[in-house]
Amino acid sequence: MSTKTASQHSIVLGVSGGIAAYKAAELVRLLTDRGHQVQVVMTDSAQRFVGPLTFASLTGRKVITNLFGETDSEIRDSSIEHIDVAQRSDLLLVAPATADILAKFAHGIADDFLTTMHLAYTGPVVVAPAMNTNMWRHPATQSNVAQLAARGVTIVEPDAGDLACGMVGPGRLADLEQIVETAEGALEGRTRTDDLASETVLITAGPTQEAIDPVRFIANRSSGRMGYALAREARERGARVVLVSGPVALTPPNGCEVIPVETAEQMHRAVLERLSESTIFAAVAAVADYRPRAAAPTKLKKHGEPPPLELEPTPDILLEVGRLKGGRIVIGFAAETNDVLENARAKLAAKNCDLIVANPVGSDTSDTGFGSSLNQGWLVDSTGEATELPSMSKREMSARILDKVVHLRKAVESSRSSR
Ligand code: CTP
């Protein structure tokens, strides 16, 4: 089902030639699902990797592939087309951006539609580079990227990992959700701040898995997206981030320290080990409340009656951090099917939190919450005041949560200095 957001925009997606060009098709789908209109512009080399028809089918629009048309009338029309497209769009997003495109953008070279449009364009520009690690690390590329960043272009840094060329290192196109979130951030005019530069944020994310036997476990539907979005936002605002993560299928955000865990017990231990260095704690994980009392040492066989499953409680990590709080800002999450605000306020008090993010969950919230890139709910503070968070990206919600944290921090500091 297509999920429309409050603000929908007209985006030019430039696709340049690299093995990651095929991922731009999924990016188009994510952007159009969110209600944006996408005009794809392909460089010549991009067309060697993916056919324009793929993008034309996904966007329902002609893909712009060259600066000059082939017939006289096409030549006349297309000579002004790049100006027209530039004037009509709210954002220029290039994904994947090759080393060549970055160099051309940095030096103002205009030798095809995309690079010409870039010069004619006055709105926000976001580039998501993808290339071989050595090309990415080359001083020429790094200096081009630095020039673009200094000019206000937003760079979605490539992820590290196995690359198509067989190398391992930074160069892989960033997570597509991250590209979408960054693009939407640029559309909303969010500028990068370093307002969390003095903070260390400890975050739990994802589900936990509690073993029944060596091959089976109790888990839940948490995708980890909210915790990862919060980690990414905190990192980009200058914080040091330690992310204690249950098993998820997500790429860790750049620059965050990730501690992978499986069980509630391991998550609990990792949090206690790293708590002293944190100034903010956010419990985003969907921790299993109960685990099997004893995991069977061998695979349970199917014969006779079903085996009884005896459960015992897991440690409540947030409750314990609330007790050990000190000067930390403690944020909890509350997924509720009913009496959302009432339950959230009770949880905030019981677990000694400064903030609770309350999410309604249930059959009518399938577009938000678990597994979705969107979320909605309320931000409840310790005075009991609740601010509604309408349906928005998990990244945007993270920004709102951290804005509130900065506000709380300032309030504490000013009350201290007035004493
Ligand atoms: N939490 C935790 N450790 C647990 C259980 C929950 O740290 N063992 C944290 C979650 O990360 C979340 C908050 O507590 O931030 C609330 O979790 P939730 O499951 O909604 O609430 P519970 O306290 O488990 O209460 P209930 O399930 O009864 O609503």
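**Exercise 1.** How many disulfides does the structure hold?

*Solution.* The model is predicted: local features require pLDDT of at least 70, side-chain atom pairs count only at pLDDT 80 or more, and totals for chains, interfaces and linings use all residues. Residues are numbered from 1 along each chain as its sequence is written, and side-chain values use heavy atoms, with hydrogens and water left out. A disulfide is a pair of cysteine sulfur atoms within 2.5 Å. By this criterion the structure holds zero disulfides.

**Exercise 2.** State whether cysteine 256 and cysteine 353 are buried or exposed.

*Solution.* Buried means under 20% relative accessible area, exposed over 50%, and partly exposed in between (1.4 Å probe, protein chains only). Cysteine 256 has a relative accessibility of 13% and is therefore buried. For cysteine 353 the value is 4%, so this residue is buried.

**Exercise 3.** Locate the cis peptide bond between alanine 95 and proline 96.

*Solution.* Omega of this bond is near -5°. Proline 96 belongs to strand β3, residues 91–97; helices (H or I, at least four residues) and strands (E, at least two) are DSSP runs, numbered from the N terminus.

**Exercise 4.** Describe the setting of aspartate 339 and asparagine 352, non-glycine residues with positive phi.

*Solution.* First, phi of aspartate 339 is near 45°. Aspartate 339 sits in the loop between β16 (329–336) and α13 (340–350), and is partly exposed at 46% relative accessible area. Next, asparagine 352 has phi of about 55°. The loop between α13 and β17 (355–360) contains asparagine 352, which is partly exposed at 37% relative accessibility.
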